[in-house]
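Colleague: I've got some naming questions about this one. Can we go through the terms and check each against its cut-off?

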Amino acid sequence: MDDTSPLAPAIETDGGTWKFPANRPLRLDSGATLAPLEIGYNTYGRLNETRTNAVLVCHALTGDQHAASPHPITGKPGWWDRVIGPGLPLDTDRYFVIATNVVGGCMGSTGPGSVNPETGAPYGLTFPMITIADMVRAQAMLIEAMGIETLFAVVGGSMGGMQVLQWAADYPEKLFSAVCIASAARHSAQNIAFHEVGRQAIMADPDWRGGDYEKAGVSPSKGLAVARMAAHITYLSEAALQRKFGRELRKDGLSWGFDADFQVESYLRHQGASFVDRFDANSYLYITRALDYFDLAANHGGVLAQAFQKARGVRFMVLSFSSDWLYSTAESRDIVRALNAAGCRASFVEIETDKGHDAFFLDEPQLDATLRGFISSTAQARGLS
């Protein structure tokens, strides 16, 4: 699709890959540039004539643009199809929902698995380091190419919530509202530590080949599976693990060996094995590093409120989950306090649940009701009712 031709309001599309010309590079925080830039995206619903009903949905670490449509590799339903669709909180009969694959990803956006135009081979570890701000900068380029001046809302959970906050800091004039779910304004030491375990598991796999596994025709699937297993533990609460699995055995007795005796072991092994079919190991390295580098206050004198000084016209909703220990309620409260200190309009809800961090992916009626209420009232203020 030619980025010089804005998306016509009457056109419905399932998305694809938006290709920017080489003279429209993405300038990165590291000082490097990416050109040509490609962004994988999906859209749901229809852009109205005034182009005022667009909602950008930002995905978490291992997500992609298939938020409300079947995944082309796994065939599984979209990761947020209970939120996006006709009559749902992000009602596609009313809103034009855009979901993109982040830069550094592996589902159509330029990433380490993409071909480096200078060498004709996959980037691998020659791909430049990226940040959350780089991801948002690429999204802003896409939104501009679509002819959308202002987003009605930007919504995201986990890493998606970090993108929401970065949008508010960098492009407040392009936002009417922002919804940050189960996220934080910077990555904690504990989270950096968990990511390092995952990266080391990948790099210790003999098939990683220093990041050049594609050239060798192999894949560090064992290391990537272990990384996924370790990360998945952080997405659940102890109560959820106990409720779902406890100490239940897979068979009648112990194997007296190292098979998956316990149901929870089998579950984690399944999570790891299924993950390697749809995700690139190098993308995992780069995106986790981008998360580790995230500290929104760092470029604002270490004061988070300073990041939101120009966002006073944006309506904010911040949500957290009581059992989330990956991005705790305390971190969400820090965001709200900073927004209040900056003079921004912000609502906050802590949802009581034992489902842990992944609650925003799961059936959580209070989340749905809160999101629906905020979007509906904000739509009235926007004149979209």
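Modeller: Two strands pair if DSSP finds at least two bridges between them, and strands (E, at least two residues) and helices (H or I, at least four) are DSSP runs numbered from the N terminus. This is a predicted model, where local features need pLDDT of at least 70, side-chain atom pairs count only at pLDDT 80 or more, and totals for chains, interfaces and linings use all residues. Residues are numbered from 1 along each chain as its sequence is written, and side-chain values use heavy atoms, leaving out hydrogens and water.

Colleague: What makes S11 and S12 a pair?

Modeller: Strand S11 (residues 315–321) and strand S12 (residues 345–351) are joined by 7 bridges and run parallel; the rule asks for at least two, so they pair. One of the residues in S11 is Ser320, whose bridge partner in S12 is Glu350.

Colleague: Why is Ser320 called buried?

Modeller: Its relative accessible area is 0%, and buried means under 20% (exposed is over 50%, partly exposed in between; 1.4 Å probe, protein chains only). So Ser320 counts as buried.

Colleague: How do you know that the side chains of Ser320 and Thr329 make a polar contact?

Modeller: They come to 2.8 Å. The cut-off is a pair of N or O atoms within 3.5 Å; within protein, one must be able to donate a hydrogen and the other to accept it, and residues adjacent in sequence count only if both atoms are side-chain atoms. So 2.8 Å qualifies.

Colleague: Which residues does Ser320 touch?

Modeller: With contact meaning heavy atoms within 4.5 Å, and residues up to four places away in sequence not counted, they include Ser332, Phe348 and Ile351.
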